Amino acid sequence: MRKALNLFSAIFVAKIIALVLVTAAFAGEPVRPLLNNNGLARTPPMGWNSWYAYKCDIDETRIRAIADAMVTSGMKAAGYEYVIIDDCWQVGRDANGTILADPVRFASGIKALADYVHSKGLKFGIYSDAGIATCEGRPGSHGYEYQDARTYASWGVDYLKYDWCNTSTQDRRESYLLMSDALQKSGRPIVFSICEWGSGRPWEWGRASGGNLWRTTGDIWDHWESGPVHWQQGLKAVIDSQADLSAYSGPGGWNDPDMLQAGNGGMNDTEYRTQFSMWAILAAPLIASNNLMTMNDATRTIFTNQEIIAVDQDTLGIQGRRLVKTGNSEIWAKPLSDGSRAFVLLNKAETAQTIVLNWQDVGYVSSARLNVRNLWSHQIEGKFAGTYSAVVPAHGAVMLKIYQ
Ligand code: GLA
């Protein structure tokens, strides 16, 4: 009996020590800036955006079909909420300056489309630009901020992505603050998505300029490696560029490393699983941008992995950090509200390698016996003391939840 009691106290003490060490590992985090005051996006936004699947080839039939597919594919049930039309829906302004949708492609009008999306229990998002023209040369909102915000509100828009093309000498913070003020005065709660590509370090001022999320990178390129031109940033480079940004993200204002690429064909499913795992560890917005009508089972399985979505959407809202980097292998960790932590063992090499998660490297006491659950196989791997190791495929990620 005494032996059992001793063992019990030893385990108890080990648990306390492990907890203290885990807390200490994250104690260096600066305090997050004040909350964005529109009260939205308490967890990272989830949804679908038209850009990577269709570029400018969008119309109301297609967007309605996407809204249908959000429901029938199980995306809505998994938590995806916003259907966002990106650039090219707008063609001009009327005599009063009111923005006009393409009368052929959106013949029923944007309000009717938003109503349809709402009828499916989803929310509706739209796109504009802080300059005089969008990146595709459509009318931007510069000089029309309050009028456009009122128009969006009257249409039932729930989310605005606001781009940065054709802004000449405009000031970033002021331009975004102006539109955020316009949105807040429109009387409708509208999530504000800053799309400034990370060039002016928006993580430092995005929240104060009213952003609920801000792009931290240029447009992600649907490839593992980057391309020859500077705007072709592959997944590997995008992941790398997020390593020092965790302190800036949190409830109400999130770092946004751009959209999910699964289903678009430039990478293999291992790489798409890596993107999904990393976006969840980073507490990144989960915005799919593929053709949902023709999505195959592998893609659907990636997007609807509930255990991984739960990591992304965890209410603590802490962006995970890279704790170990040894050559091409990395270990990233994210603390969760139930006291556990999620880990990604990331293999950036061209061949499979064994990655060892050493308790001491990530703030656990080495004698602690901890439960390891694999979030892709949905299996408990068992209880481990000291280390856990896994063979990780080339460009792959093993995603775990570790708890006492
Ligand atoms: C920029 C943005 C993209 C997309 C296009 C549309 O490149 O970063 O996400 O919105 O404009 O033209």
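Q: What does cysteine 135 pair with?
A: Cysteine 135 is joined to cysteine 165 by a disulfide, S to S 2.1 Å. This is a predicted model, and the distance comes from its atoms.

Q: Which hand does the link of cysteine 135 and cysteine 165 have?
A: Right-handed, with 95 degrees about the S-S bond.

Q: And where do cysteine 135 and cysteine 165 lie?
A: Cysteine 135 is in the loop between strand S5 (123–129) and helix H6 (145–155), and cysteine 165 is in the loop between strand S6 (159–163) and helix H7 (172–185), so the pair ties together parts 30 residues apart in sequence.

Q: Is cysteine 165 buried or exposed?
A: Buried, at 17% relative accessibility. Cysteine 135, at 36%, counts as partly exposed.

Q: How many disulfides does the structure hold?
A: It holds 2 disulfides. Cysteine 56 and cysteine 88 also form one, with their sulfur atoms 1.9 Å apart. That pair links distant parts of the chain, 32 residues apart: cysteine 56 sits in the loop between helix H2 (51–54) and helix H3 (60–72), cysteine 88 in the loop between strand S2 (82–84) and strand S3 (90–93).

Q: Cysteine 88, buried or exposed?
A: Cysteine 88 is buried, with a relative accessible area of 1%, whereas cysteine 56 is partly exposed at 23%.

Q: What pattern do the disulfides follow?
A: Counting bonded cysteines along the chain, the pattern is 1-2, 3-4. Cysteine 195 is in no disulfide; its nearest cysteine sulfur belongs to cysteine 135, 6.9 Å away.

Q: Why does cysteine 195 count as buried?
A: Because its relative accessible area is 2%, and buried means under 20%.

Terms used: Residues numbered from 1 in each chain as written. Predicted model: local features only at pLDDT ≥ 70, side-chain atom pairs only at ≥ 80, totals over all residues. Heavy atoms only, no water. Disulfide = S-S within 2.5 Å. Helix = DSSP H or I, 4+ residues; strand = E, 2+ residues; numbered from the N terminus. Buried < 20%, exposed > 50% of the residue type's maximum accessible area, 1.4 Å probe, protein only.
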